[in-house]
Amino acid sequence: MDAIILSVGDELVLGQTIDTNSAWLSQQLATVGISVRAHATVPDDQSAIERAIRESAVSCDFLIISGGIGPTEDDLTRQALATVMGVPLEENAVWMAELHKFFEARGRPMPPINRIQAMIPRGAKMLFNTAGTAAGIYAEVEGGSGFRVQGSGNAGANPSSSLNPEPRTLNPSTCQVFVIPGVPKEMKAMFTRDILPLVKQAADGAVILSRSLHTFGLGESAIAEKLGNLMNRTRNPSVGTTVSGGVVSLRINSRFPSESQAREELAKTEEACRAALGDLIYGQDEQSLAEVVASQLFADTTAKQFAPAVATAESCTGGLLAKMLTDVPGSSRYFRQGYVTYSNEAKHDLLNVPKELIAQHGAVSKEVAEAMARGAQTQSGAAYTFAITGIAGPDGGTPQKPVGTVWIALAHPQGVQCRVFLFPGDREMVRDRSAKMALTLLRFQLLGKPLPF
Ligand code: ATP
Ligand code: MG
């Protein structure tokens, strides 16, 4: 069974307000096993809303519309729905009484424009709003994708919370349309109380459980190649990849009739993904790379012995690595200090990098990166010290050292490891990937393993 989520509002289409309602609704629907087929957004324009309702109703079982049921002239969702249903709007006496009570309680008469908020299409049901004046609407529209429901549902499955408690059976050839307020707080209250129980019953208890696994260092296609058949489009649990800030994340969605089965199958697929990618996976769900490295440092005996054990010497990243390392609460337990040695003079004055070394090899070189890391180690007394020196661009590249060339060194109690990378993208991307790669170097150092790429 599936749903389409339609958001109505000029401010959404103009990009002035971010449509958080759709994201929240999708997450809620997933918990009861409803697949969301599409998100659509239309302006406060009646014909656009009508068109979206018509097009959606023929291809989904549930259409959830948020917004456009306020009292002003730009609120046109109820009119659009009535037009699609081919029925007039009728006054709902119960909600009219509620509106009068709402304004009486505030010591003023109801403004005439609010009358429209008690109007719903003939044959539709009204959904109670406990937080505002916009009642919701529940209606059936021709369409649907032909699902079967066992038993019967009712709009507002909890009779005490709904003004429409009488049971009704869902019709497989129709689309169940719910119109709810745009105001997120009101929308959430109405959806949770009146709509979720209904769709849950229709969904026959299916659930979708999800897990994200994060990798850094390889591109999306290389990760996909390693996952092979696990990314098969017809597979359940499904495995997909997304990229953000150089982090390639696997998203596993497990959709099964029971929660226990969904959980079991999710665990099996997660295990298979972990087996395919090994240590390339650094964390899951909300975990950041820096948080993972922080927890490694908290557990590392050398880091504990030399606490705070980490120092940074940064050139092209200008302190970004130090920022990432100190983003984590409790970082004072491992972060000692950072040097931002942007100029050659600073590399010499603060880190004792010989001037001749810079003259001979250039500031962006293996020799200088290693000397910076060792200098930071000697100067600070930290056990693990990073050095980053590179060309972030947009200027400064040469054929031998193009923009994106970055040397990263990590000095540790057993020696120094140093690698060169060629990061793609603009200045911001090169700096971001450099700092994340430095964290990755330390992650593998603390794992006692070589970089797998
Ligand atoms: P209602 O149907 O509840 O009367 P409305 O569309 O008439 O909603 P508006 O005044 O347009 O009410 O919107 C109310 C508030 O809710 C605004 O701040 C608006 O930006 C916000 N809002 C509307 N839709 C969304 C959405 N999809 N995601 C996040 N915020 C939204
Ligand atoms: Mg609006």
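**Pocket, ligand, helices and loops**

A: The largest pocket of this predicted model has a volume of about 490 Å³.

Q: What counts as a pocket here?
A: On a 1 Å grid over the protein atoms alone, a pocket is an open set of points where a 1.4 Å probe fits, with protein on both sides within 12 Å along at least five of seven lines. Lining residues have an atom within 4 Å of a point. Grid points are joined across faces, edges and corners, and the volume is the space filled by probe spheres set on the points.

Q: Which residues lie nearest the centre of the largest pocket?
A: Ser 26, Ala 30, Ile 208, Ser 210 and Asn 253, out of 16 lining residues. Helix H2 (20-31) and strands E2 (35-42), E9 (207-216) and E11 (247-256) each give two or more residues to the lining. Helices (H or I, at least four residues) and strands (E, at least two) are DSSP runs, numbered from the N terminus.

Q: Which backbone has an N or O atom 2.9 Å from an oxygen atom of ligand 1?
A: That of Gly 70. In the side chain of Thr 17, an N or O atom is 3.3 Å from a ligand oxygen. A polar side-chain atom of Asn 21 lies 3.3 Å from a ligand nitrogen.

Q: And helices H12 and H14, at what angle do they pack?
A: About 35 degrees, with axes 9 Å apart. Axes are lines fitted to C-alpha atoms over the stretch in contact, and angles run from 0 to 180 degrees between N-to-C directions.

Q: Where is Pro 308?
A: In the loop between helix H10 (301-305) and strand E13 (310-314). The peptide bond from Ala 307 to Pro 308 is cis, with omega near -10 degrees.

Q: What about the bond from Gly 393 to Pro 394?
A: Cis, with omega near 5 degrees.

Definitions and conventions:
Residues are numbered from 1 along each chain as its sequence is written. Chains are lettered from A and ligands numbered from 1 in the order in which they are written. This is a predicted model: local features need pLDDT of at least 70, side-chain atom pairs count only at pLDDT 80 or more; totals for chains, interfaces and linings use all residues. Side-chain values use heavy atoms; hydrogens and water are left out. A polar contact is a pair of N or O atoms within 3.5 Å; within protein, one must be able to donate a hydrogen and the other to accept it, and residues adjacent in sequence count only if both atoms are side-chain atoms.
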